[in-house]
Amino acid sequence: MKKATPWRLKVILFALGLTACSDAGNNQSEDAPETSDTIDTQRILSTSPQEEWLTYGGGYDEQRHSRLSHVSTENVEQLGVAWTYDLATNRGVEATPIVANGVMYVTSAWSIVYALDAKTGEELWVYDPDVDKSVGVNACCDVVNRGVAIYGDKVFVGVIDGRLEALDAKTGKLVWSKTTVDQSKPYTITGAPRAVNGMVLIGNGGAEFGVRGYISAYDAETGNQAWRFYTVPSPEKQPDGAASDEAFTRIGNVSWGDDGAWTTDGGGGTVWDSIVYDAENDQIIFGVGNGSPWNRQVRDPSGGDNLFLSSVIAVDAKTGRYKWHFQTTPGDSWDYTATQSIILASLPVDDSGNNRRVVMQAPKNGFFYVLDAKTGEFLSGNAFVPTNWASGLDTDGRPIEISDARYGDVPYLQTPGPLGAHNWHPMAFSPDTGLAYIPAHEIPQAYGFDPRWAIKPAKWNTGADFAAGLAVDLPPGTLQFLRAGLKGRLIGWDPVAQEARWTVEHENAWNGGVLSTAGGLVFQGKLNGEFVAYEASTGRRLWSHDLKSGGASGPGTYEIDGEQYVTITTGWGSAYALVAGFAYDEKVAPTVGKVVTFKLGATGSIPDAAFPPVDQTPKADRYGTTALLNDGLVHYARNCAVCHGPVAVSSGVLPDLRWSGYTADADAWQAVVAEGVLADTGMVSFSELLTAQEIEAIRAYVVAQAHNANVLAGN
Ligand code: CA
């Protein structure tokens with residue numbers, strides 16, 4: 001490496017906004033940088049992911065494989081904490097840091113952006129988009145953010161309330177702000193924007209609440225919209241004047257019936273995570289989410305495939321016009337999003353052993369797919385976890401469904417469940433080993449048709465029965481039993497042979513994203529707080545460090561002054577922590593999020609920041625008839641469980657209602673749930689959805705669960 005940039009000096013100048021002046025006033029000296037500070041497509045294509053980490057997946061191919069090898073299988077045990085930075089949140093943190101020009105740009109909950117000196121962790125600026133916290137109730141999976149994009153002299157962030165904003169990379173000052181969604185609808189943005197060829201790409205989420213999905217491209221300089229591609233038809237199947245029109249006229253509209261809940265509920269198909277630029281074919285490839293409502297029986301009784309739900313789509317990068325699609329789960333009924341990591345690579349998949357440029361994805365539905373990047377042709381696929389919804393794939397890659405999976409009134413215990421066999425946690429691929437590294441899990445769920453289903457205004461609304469299989473008084477040890485059904489693993493997957501080369505079994509489900517390096521290592525954080533380095537070729541565990549918080553996000557790596565840094569954002573929250581409080585024991589305590597950065601020989605430590613313990617005693621005597629309690633169970637499961645936890649057991653990210661002082665008093669409880677007195681914390685009024693009697697039934701159920709706590713836990 002010949003570049004000898006004085007990074008430290010450069011960072012200081014950069015922070016002071018002085019680089020432009022100093023460059024202008026001096027002749028190019030020997031050690032001047034070869035490139036300007038400006039980030040463009042060429043620089044992202046040519047430099048990352050080596051010294052810098054310039055886009056969410058490390059490079060446009062999103063392999064999350066770094067060519068840095070200072071940290072290797074030989075010396076990884078010398079990794080220690082170089083610095084930490086407190087993100088000051090107890091909500092979920094999912095961001096992968098971007099590192100450019102010696103500065104780290106990272107986000108935290110509520111879409112707050114931080115610029116840090118990547119060598120020291122020193123804060124350079126903070127930008128808070130000042131989100132109205134009541135939008136938090138629209139976030140299916142916590143108020144998380146997976147990071148920024150950088151392009152030109154700007155940093156771009158998708159804000160949870162649907163804004164896309166451009167900030168001055170040097171100062172953090174707002175340059176432009178565009179509202180990318182109809183804010184009267186429950187759209188959210190948690191995904192990282194991507195930037196290419198002077199455009200910024202962003203999608204959105206909300207398919208649990210009733211929205212219509214799309215991806216948009218905006219001009220990076222001005223914020224003007226360049227194109228938009230919808231993923232489901234308009235309710236009348238009429239053109240939108242959008243890039244997607246031709247695809248719906250030709251193949252999309254016919255895959256939907258003319259009535260059903262989708263015509264009022266939006267249909268879903270949100271593009272909430274993976275967006276990849278394929279430079280070789282000058283196309284944008286993105287993943288599409290689940291249907292809305294989930295249950296096709298109510299969404300579209302005609303039983304069509306419902307394009308482009310649960311699909312991978314390629315569109316022309318300049319115009320957004322359709323090029324190809326591959327639907328992983330036709331007629332989705334299970335929240336089987338295909339938004340998971342999309343990785344581009346060259347693989348020897350031809351019969352002749354020649355390399356082909358391929359798309360790899362391991363979506364929620366449990367199958368690993370290899371597609372031709374130019375045409376979308378299905379090349380191969382296989383299950384990477386046990387599945388009982390499909391017995392395999394046919395020659396076109398279409399799942400061979402098991403009929404019980406099309407659930408009716410009788411619940412079907414299915415794996416994968418709606419949290420998927422793989423979720424947002426980034427997958428990696430190493431060209432050195434030829435392996436994809438999948439952060440996989442098994443989290444089964446009983447799916448059943450909810451006979452009480454009705455369209456609800458902008459609230460959690462899936463058409464699946466979240467009370468299926470539950471009772472007020474569950475047998476002793478129910479939590480232990482549920483916990484035993486949850487599995488997490490890191491899989492070293494051979495995408496050519498379509499089989500696991502090695503597997504590491506974890507204690508819990510829902511572990512972190514993966515980083516692969518030319519040092520022969522893969523790094524993964526775990527929800528029990530371990531950050532682990534494995535040998536990439538064998539899965540042998542070589543090093544670990546206690547993060548003192550959840551390690552769910554995608555780690556990154558970069559080099560400054562000849563030293564390699566490995567970094568990860570930590571925190572406690574996101575979808576699984578919200579819904580699976582029962583899955584954890586006291587070893588995983590809620591704590592504040594941080595950026596934790598390692599290098600060889602460092603000896604720093606991670607500060608403790610645990611929250612004060614909660615008084616775990618019931619605040620009221622058990623009360624209520626069996627009918628009232630059962631009513632409370634149903635309404636709790638439908639309206640409260642996705643944030644406060646099934647069976648009223650919370651992880652602590654949001655309050656565990658069993659121990660809430662508000663349960664002691666019926667009027668105080670009504671004030672919160674019906675009148676919304678805590679709306680500025682995110683707990684908005686539910687009076688549109690629940691009667692006063694139903695709200696009181698929920699209180700009775702929650703109080704009963706407080707008294708049942710020891711029985712549930714099997715103590
Ligand atoms: Ca979903």
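Predicted model: local features only at pLDDT ≥ 70, side-chain atom pairs only at ≥ 80, totals over all residues.
Most residues other than glycine have a negative phi, and most peptide bonds are trans. Is Ser111 buried or exposed? Its relative accessibility is 0%, and the cut-off for buried is under 20%, so Ser111 counts as buried. Asp561 also has a positive phi, of about 50 degrees, although it is not a glycine. Asp561 sits in the loop between strand S37 (556–560) and strand S38 (563–570), and at 36% relative accessibility it counts as partly exposed.

Now step back to the whole chain. The protein chain holds 13 helices and 39 strands. Its radius of gyration is 24 Å, close to the 27 Å that the globule rule gives for 715 residues, so the chain is as compact as a globular protein of that length. Along the principal axes, the C-alpha atoms fill a box of roughly 85 × 60 × 50 Å. Buried residues account for 64% of the 715 residues. Among contacts between residues at least 6 apart in sequence, 64% join residues at least 24 apart.

Glu208 lies in the loop between strand S12 (199–202) and strand S13 (214–219), and Asp335 in the loop between S20 and S21, so the pair ties together parts that are 127 residues apart in sequence. Glu208 is buried, with a relative accessible area of 6%, and Asp335 counts as buried at 6% relative accessibility.

A search of the whole structure finds 27 aromatic pairs. In one of them, the ring centres of Tyr336 and Trp389 are 5.1 Å apart and the planes stand at 65 degrees, so the pair is edge-to-face. This pair links distant parts of the chain, 53 residues apart: Tyr336 is in the loop between strand S20 (322–327) and strand S21 (342–347), and Trp389 in the loop between strand S24 (378–383) and strand S25 (390–393). Both residues are buried. Elsewhere, ring pairs join Phe229, Phe248, Phe286, Phe308 and Tyr322 into a cluster. Rings also meet charges: Arg212 lies over the face of Tyr230, 3.8 Å from the ring centre, and the charged end of Lys133 sits over the ring of Trp110, 4.9 Å from its centre.

A cis peptide bond joins Leu307 and Phe308, with omega about 5 degrees, and Phe308 is placed in the loop between H6 and strand S19 (311–316). Another cis bond runs from Ser292 to Pro293, with omega near -10 degrees. Pro293 is in the loop between strand S18 (291–292) and helix H6 (296–299). Which residue has its C-alpha atom 4.3 Å from that of Pro293? The answer is Thr462, which is 169 residues away along the chain. Thr462 belongs to the loop between strand S30 (445–447) and helix H7 (478–484), and at 3% relative accessibility it counts as buried.

Gln498 is another loop residue, placed between strand S31 (487–494) and strand S32 (499–506). With 5% relative accessibility, Gln498 counts as buried. A polar atom of its side chain lies 3.5 Å from the backbone oxygen of Phe368. Beyond four places in sequence, the residues that Gln498 touches include Phe368, Tyr369, Ser380 and Trp493.

We finish at helix H11 (residues 666–673), where Trp669, Gln670, Ala671, Val672 and Val673 are buried. Helix H12 (692–707) is part of what covers them. At the start of H11, a side-chain oxygen of Asp665 comes to within 3.1 Å of the backbone nitrogen of Asp667.

Methods: Residues numbered from 1 in each chain as written. Heavy atoms only, no water. Helix = DSSP H or I, 4+ residues; strand = E, 2+ residues; numbered from the N terminus. Buried < 20%, exposed > 50% of the residue type's maximum accessible area, 1.4 Å probe, protein only. Polar contact = N/O pair within 3.5 Å; in protein donor to acceptor, adjacent residues only side chain to side chain. Contact = heavy atoms within 4.5 Å. Phe/Tyr/Trp six-rings, centres within 6.5 Å; stacked < 30°, edge-to-face > 60°. Lys NZ or Arg CZ within 6 Å of the ring centre and 35° of its normal. Rg over C-alpha atoms; globule rule 2.2 N^0.38 Å.
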